[in-house]
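Subject: Structure for you to look at

Dear colleague,

Here is the structure I said I would pass on. My notes follow it.

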Amino acid sequence: MDPAGFSQYYEDLSSAVLRVSKTAGYLAGEDLNFHRTSSAEFSKSLDEESERILALTSAVIKAANAGTDLTGPTLQDEDSIDDNWRSVVDVIDSLLEKADACLDEFTGVIKKLSPSQEEQAQAAPAKKGPAFPTIYDYGPSKIPKPQLEFERKPDSTDMSPFKPLLKSKPHAIVPLEKSLKTKKIDGVEAYPHPYETEIRESQYPEPVYQVSPPIDYLPFESTTATFVDTLDGVKEMLEELKKAKEIAVDLEHHDVHSYHGLVSLMQISTREKDWVVDTLKPWREELQILNEVFADPKILKVLHGATMDIIWLQRDLGLYMVGMFDTFHAASALGFPKRSLKFLLSKFVNFEADKRYQTADWRARPLPTGMFDYARSDTHYLLYIYDRLRNDLIEDSTEEASKIDYVNEGSKKEALQRYERPVYDAANGLGPGGWYDLLWRNPGNFSKEQFAVFKAVHQFRDQVARAEDEGWQCVYPKHMLFKLAQTMPLDLGTLFRTLSPMTPITKERASDLLDVIKQAKVDSIDGPEWRDIAPPKHVFKAPEDTTPQSDPSAPVAGRCETSQFWGDVLKAKEPSLPIANTLSALAEATRISLPLPPMPTTISEPQEQLITASAPAASQTPPAPAPSKPEAPKYFTVKDLGGPRKRKVTPIDNPEQALSTTADLDDTSNPDVIQVSSKKSRKDKKKRKEEKKEEKARKAKAEAEAPFDYGAADAVLNAPSAATATQPRRKAFNPYAKAMEAPSGARKIKRDETGKSLTFRQ
Ligand code: AMP
Ligand code: MN
Ligand code: ZN
């Protein structure tokens, strides 16, 4: 439609609809039969109009179904509306879903790549627009799963200890056979890090400790990167890398349509050349010949924020880093206001990186030019940046405290991380992919039943994702876990409405999911409450004056004894009276069904405690003492909302690192991120700032869960700038937010007739 004519059309349509509903309102349904008897003409005209409206409705339903797999009902008479009501609702649901997708596309949350757009992306400079496949597409992927072609196919259901993929071990101090033996690590039989000894004993090359003039990078525009997608190409590159003293390395990763995630690209730069390696080839594990350089302590590997890269490299490619220098730690040691690569690029190189590409679908082949250039720019300037940082670090050091040592120690710790397969812990919910962490972060006002349903739908999501080798998001997103637990749908209709828009994977298993919910509800009778399991601080605590507890030592309430909404109004004063019983039952029902935002946890608790407690799954090893530089600012970061972004990997052996994952590598000004400085002098100021941030984050969360305020909302048809396209979705406008609050959404008023029951689409 012509966008210019839309507002006129919209106005005409709304006033027409308004007129019809007004007119219809004049006639009371129950009076129709009376009117029929009073006038034959009226009766005839009524029948004609009914027929016409039915025919129109059928036609509209048909039009709405065009191009979908829904087969809408044909409405012959009034009764058939009742008989087919579910199908009608399905059609409306699917229309709303379509509208939702269109709005997402319009506001830039979803970018679909049409062939013409792809050409445009190839022609246009990277900054012009994000015309590349993004990861926010949780529907069926248009890109075939590359993992199906791998020589070693991923098996997401394998829970055995992860055995390093190493076939040979260049630069070994401990020989390969000895390095591949399991032993008890933190009480569990596991394979140790195969390069542990080599990393610990490694010495950094002398030039790392010497100030020298930065070596200028080659101009970006007049050079290009070599795309490496053959084994011969890898070998040629390796020969050149062996001659280098320093190389820069970075990875791009995809984790939407893969359970464990896929290293999709590896970028490598020397002072002279850039390579972009395709790591999705069936022979990808052959890339471990690169250990000849990666595990060589004499060749410095410069990475930025390598926490996840270390995990991904060993998990997918059998690659390990000995002699790594992480520029993220350098930025920390120098006390820079931000420590993202974007910041370093802009500070030292005057290059503005378009970080929207971080969320691109890196499996895309052929790689659109914009993505190729972006990937290359992640390592192209990094050696020059290293030169500048190294000089600053040396100049900033004292006799007793070398900032270079601080960075090297931090980098070694990162390189020592060990990948372990994420095992699903149904009972305790531990691990980064467990339910405990989620509830700990968002302690809801869950009843016993709701807690059981939360756990069940969480486990179901993990099972389905594993079976399909898809990310959890492709089953249902995190907030749906809470919604499902809150609503506890017991019929398909409610389930569809609760999960709307339902991803295709879940649609296929809707009745299984329903069974899981029903079973969890039944089993919850013998199950625990969240309050039995949660640490006391993370339990929904009722204000003391409203919860006179007879036993002061009794556990803190997992949910309020008194409704936060109704206060004492519904409280049974005299339990013997039937009315009081009814009221208290009502209060109970209200308490469970009202979608009240979860109460904030105490915001004044010391951050240090937050840090230790937020990793219930991390190995129990106490955090290693801070490296020897007391005055070097040391930061920890905790992503308070939404959990670690880079999920499903278990960086263990290094809990401290596990906590300060790359969640804020991109931008320390991210409001989701709480920062803690261990530096005493800054502590108070920092703390106030943190509290403010935390408060802000909580407010944002509460807002997100509060009923949608149409009055205060941004105009939806006013597209935000492209720069906001990668912001978390749904914050700006969620057309379902309001609908979700209703326990069961659209429902036709049921006429009191016998012998009729609602039929559900199976
Ligand atoms: P980088 O080191 O910045 O190139 O990021 C490496 C990979 O981490 C990317 O390919 C993404 O898979 C993931 N990643 C980085 N930043 C984000 C982000 N903001 N959101 C989601 N994934 C990200
Ligand atoms: Mn990176
Ligand atoms: Zn990168």
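Is D250 buried or exposed? D250 is buried, at a relative accessible area of 11%; buried means under 20% relative accessible area, exposed over 50% and partly exposed in between, with a 1.4 Å probe and protein chains only.

Some ground rules before the rest. This is a predicted model, in which local features need pLDDT of at least 70 and side-chain atom pairs count only at pLDDT 80 or more, while totals for chains, interfaces and linings use all residues. Residues are numbered from 1 along each chain as its sequence is written, chains are lettered from A and ligands numbered from 1 in the order in which they are written, and side-chain values use heavy atoms, with hydrogens and water left out.

Overall
The protein has 28 helices and 10 strands. Both are DSSP runs numbered from the N terminus, helices being H or I with at least four residues and strands E with at least two. Of the 762 residues, 47% are buried. Among contacts (heavy atoms within 4.5 Å) with a separation of 6 or more, 74% are between residues 24 or more positions apart.

Helix packing
Helix α15 (residues 382–395) meets helix α13 (residues 341–349) with axes that come within 10 Å and cross at roughly 80°. The two helices are therefore roughly perpendicular. Axes are lines fitted to C-alpha atoms, for helices over the stretch in contact, and angles run from 0 to 180 degrees between N-to-C directions. Angles under 35 degrees count as roughly parallel, over 145 as roughly antiparallel, 65 to 115 as roughly perpendicular and the rest as oblique. On the α13 side the contact includes L344 and F348, and on the α15 side I385 and L389. Its residues divide into nine nonpolar, no polar and two charged. Here Ala, Val, Leu, Ile, Met, Phe, Trp, Tyr, Cys and Pro count as nonpolar, Asp, Glu, Lys and Arg as charged, and the others, Gly among them, as polar.

With helix α16 (residues 403–415), the axis of α15 comes within 7 Å and crosses at roughly 125°, which makes α15 oblique to α16. R390, L393 and I394 of α15 touch K403, I404 and V407 of α16.

Two loop residues
Y217 sits in the loop between α8 (196–201) and β3 (225–228) and is partly exposed at 25% relative accessibility. Beyond its neighbours within four places in sequence, Y217 is in contact with V349, H380, Y381 and Y384.

L148, in the loop between α6 (115–123) and α7 (176–179), is exposed at 53% relative accessibility. The C-alpha atoms of L148 and P282 are 8.7 Å apart, although 134 residues separate them along the chain.

Regards
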